[in-house]
Amino acid sequence: MASGLKIALIRGDGIGIDVADATIEVVNAACEISGAPALSYDEINAGAGYYAETGHDIEPGGEERAGEADAIFLGAIGLPSIRHDDGTEISPHLRLRDRFGLYAGIRPIKAYPNAPQRLADPRAAQIDMVILRESTEGLFYSAAAHKRSEVIGDTEVRDTLRITRATTEKLHNFAFKLAQKRKERGKPGRVTCVDKANVFTSMAFFRKIFDEIKPNYPDIEANYNYVDAQALDLVRRPWDFDIMVMENMFGDILSDLGGGLVGGMGMAACAEIGDDNGLFQPAHGSAPDIMGQDKANPLAAILSGALMLDYLGERSGDSRYNDAAALIDASVDKGFAANALRPMEFGGDMGTLATTREVVGGLKG
């Protein structure tokens, strides 16, 4: 059984500090109730604020320490007023994805009762799907943090969209295995390959590998959608989808659209999984205008903490961490159903602290 699991904690910038604190409180309480061994935390300084103070986007040795931990938790990184000279954001987390091969970006999208629903159709209340975003390649292969763009004087810049067989095979296998897990829990267990295979050779290759992988999972329904049609369908009929697997930039865009369908980015949890490491963070930004004002919705971060506990349970073999994750998910479900969770983001009367207290209280059943 696991003991003494260590989390690399990067609070980051803006409300990243607020929501990270909230998540730690909830995760620790859930572990205590489930009987899971207490987690330890190795705090690592990183982000735009740290860059402004030191000229480094992460403290010396920070990346190595993150890789040595059992999981990485990140609050949020970036401040609009602090940029590199070329105008790009401070983004050490993109380097962490690249360095540790965190290819499977999991973005759950779930509707909760009494949370805002942007679609009038009553079926929108049943939205429960996952965008699986490849997180190391695609167009983000050329993200500024990696310094891979071809800059031709002041007249042209060329960015490369990269799709490799090795990573794409792992991604598609991950998608089908995730569909099997969801099917066991009563979900549809369906995988949609989202691409632009009719236009780009790279996307045709992405689909070709999908077609090679899918016969290995005959119990899982598989289909396709072009990314532009998928954007339309996420507004027109999102309840018809379960798992959508796609390239990095496509996932970056569509996961925000999905978050908007179920209330906003304050509900947008995220896990980024590789073969040996996992990073967990809310998908929202740092919102420095409300930092420290008890206004941030911590639920995306808290739900990311639940994803982290599930990951720790699977990796360590200690199911008590899985039980702790289930306690958090159930508390959020019950809180919304009882209208006891009312984040300010949704026009409610509960700030960061009150929302966190309500989730902690709901862990006890």
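**View A. Helix 1 beside helix 10.** The axes of helix 1 and helix 10 (residues 319-337) cross at roughly 120° and come within 8 Å of each other. Helix 1 is therefore oblique to helix 10 (angles under 35 degrees count as roughly parallel, over 145 as roughly antiparallel, 65 to 115 as roughly perpendicular and the rest as oblique). Axes here are lines fitted to C-alpha atoms, over the stretch in contact, with angles from 0 to 180 degrees between N-to-C directions. This is a predicted model, where local features need pLDDT of at least 70 and side-chain atom pairs count only at pLDDT 80 or more, while totals for chains, interfaces and linings use all residues. Residues are numbered from 1 along each chain as its sequence is written, and side-chain values use heavy atoms, with hydrogens and water left out.

**View B. Who meets whom between helix 1 and helix 10.** Among the helix 1 residues in this contact (heavy atoms within 4.5 Å) are Val-26, Ala-30 and Ile-33, and helix 10 brings residues including Tyr-321, Asp-323 and Leu-327. The contact divides into nine nonpolar, one polar and two charged residues.

**View C. Helix 1 beside helix 9.** Helix 1 (residues 15-34) packs against helix 9 (residues 299-316) at an angle of about 45°, with the axes 8 Å apart. This pair is therefore oblique too. Their contact has nine nonpolar, two polar and no charged residues.

**View D. Strand 1 next to strand 2.** Strand 1 (residues 6-12) pairs with strand 2 (residues 40-43) in the parallel sense, over four bridges; pairing requires that DSSP finds at least two bridges. Look for Lys-6, which stands opposite Ser-40 in strand 2.

Technical notes:
Helix = DSSP H or I, 4+ residues; strand = E, 2+ residues; numbered from the N terminus. Nonpolar A, V, L, I, M, F, W, Y, C, P; charged D, E, K, R; others polar.
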